[in-house]
Amino acid sequence: MHADGGAAPSSGDSTTDPSSPYFIDAAHPYAAAASSALTSHRSKSKWSHLSSLPLPDPLPASAVSAVLLLLRRRPHVALSFHSFALRRLLPARSPPPLILSASAAHVAAASRLRRAAISVLSSATCHYSPSQIFNALAATYRRFASAPFVFDLLLLAYLRSRRDPLAATFIARRLLASGACPLPATAAALFRSLPSAESALEMYHQIYTLPGTRTSRALQPTAQTFNSLLLAFYRQGKCEDFSIALDEMDRYSCKHNVGTYNIRMAAYCDGRGMDKARRLWDEMVQGGIQPDVTTYNTMIAGYCAAGEVGMAEEMFKDMEICGIEPSVTTFEWLVRGYCRTGNVDAAMLVRADLRRRSFAMAAEVVEEVVDALCQKSRVEEGLGILRAEMKREDFTPSRGSYEALIRGFCEQGEVEVAMRLQAEMAGKGFKAGAEVYHAFVRAYEKTEDFEMVERLRKEMSVIGIEDEIGLACMQ
């Protein structure tokens, strides 16, 4: 495992003990016959020959696992046999034997077949506990002359499945207890998955700073490690604690990279501290670190949110000059920035550019465009935008888009169009709220249809929506 001296399973080899659940029977007749068939025949005939071999009843998992052991130096053949065994040799709809999963994971890990190993381990996590899988891997580790990072791959399998957020933490602690240490990239992924900054920081200290922790230089924390800690603080809104991660970064003489600056700049941009974000930008560039698309998007988003769309435009121009390809997020923030400052025509031009590049706006951005158009009394144009976006299979309109259009058509006296939109909105699962009721009430008041006004007010009273008149009196 990952440590200066390596960690070993408990004394004795349980894989040679017939009474052990980790027994691998390399002397079983089927194991010898199957491995011979897969190594002695041509590729076109070996699988048919394998299928013709007589099968003992029952066929023990120890014998099937032994085939993988005998074929471990031919990993692709071994893993193909693993798939064959799951399909043809084991009872249908039964979970794969744990010893078989551990054997396949070791074969894949030893040959650096990362994806195959994670796939096998992910399947095992559906049927066995973290403790069971870890113990099986540890017991069979030496027999397969496995690679240390098989335990990292188990940890990653749990992180990717997201079924049990505590399982990955358990695996990491078992790894540490055995005197081993996860790879820096694995540790960073673990920090990002934890539910709070406190738990990420606690795990960091367990891996890297507690007494007794021994890591080789290759396993020391990297910029990615500290960026994961910064991200944990950022997500929880504890940016004032960035100094904890940055101090640890300095302690390991670890240089800041573009990811470090991106997270720190995002924190300032979220707080409208654009001057501080710009100073970080200048520090980064002067230090020889080139901004990436995330850096530009972070600054563009910050300037747009602060109403400084002119600065966002300058950032976008600089982005193109430097050869950084803009993403859909770049255009979405420019569209939002123009909408929020009332420059709807500029927003429409950016949207056209976005569509020319085969990008598609998110529903919340479409909502801002529709709302901005409605505020400019360009309601028909707003409806046209929504209809154009609804032609996309993956697009679902938001409640806000319907509310903005209903309000706009009601203000223009086109109540029938607004009613059709309200019916369509209901069909999408959005119940009419205060915004919709008030829009219809104002529209009917303008036409002096007081019977409809009274009917709507009764409905509002029944469902608990305050009348605008009542709200005005309270204020």
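Okay, before anything else: when I say "buried", I mean a residue with under 20% relative accessible area. And keep in mind that this is a predicted model.

With that cut-off, 49% of the 475 residues in the protein come out buried.

On to overall shape. The C-alpha trace spans about 95 × 55 × 45 Å along its principal axes. The radius of gyration is 31 Å, whereas a compact globule of 475 residues would be near 23 Å.

Charges next. We've got 53 positive side chains and 52 negative ones, with the centres of the two sets 13 Å apart.

Now let's zoom in on one helix, α24, which covers residues 434-446. How far apart should its ends be? It has 13 residues, and at 1.5 Å a residue they should span 18 Å; the end C-alpha atoms are 18 Å apart, so the two agree.

Which residues of α24 are buried? That would be V436, Y437, H438, A439, F440, V441, A443 and Y444. If you have the structure open, look just past the end of α24 as well: E448 has a positive phi there, about 60°.

Methods
Residues are numbered from 1 along each chain as its sequence is written. This is a predicted model: local features need pLDDT of at least 70, side-chain atom pairs count only at pLDDT 80 or more; totals for chains, interfaces and linings use all residues. Side-chain values use heavy atoms; hydrogens and water are left out. The radius of gyration is taken over C-alpha atoms; the globule rule is 2.2 Å times the number of residues to the power 0.38. Buried means under 20% relative accessible area, exposed over 50%, partly exposed in between (1.4 Å probe, protein chains only). Lys and Arg count as positive and Asp and Glu as negative; His and the chain ends are not counted. The place of a charge is taken as NZ of Lys, CZ of Arg, CG of Asp or CD of Glu. Helices (H or I, at least four residues) and strands (E, at least two) are DSSP runs, numbered from the N terminus. The expected span of a helix is 1.5 Å times one less than its number of residues.
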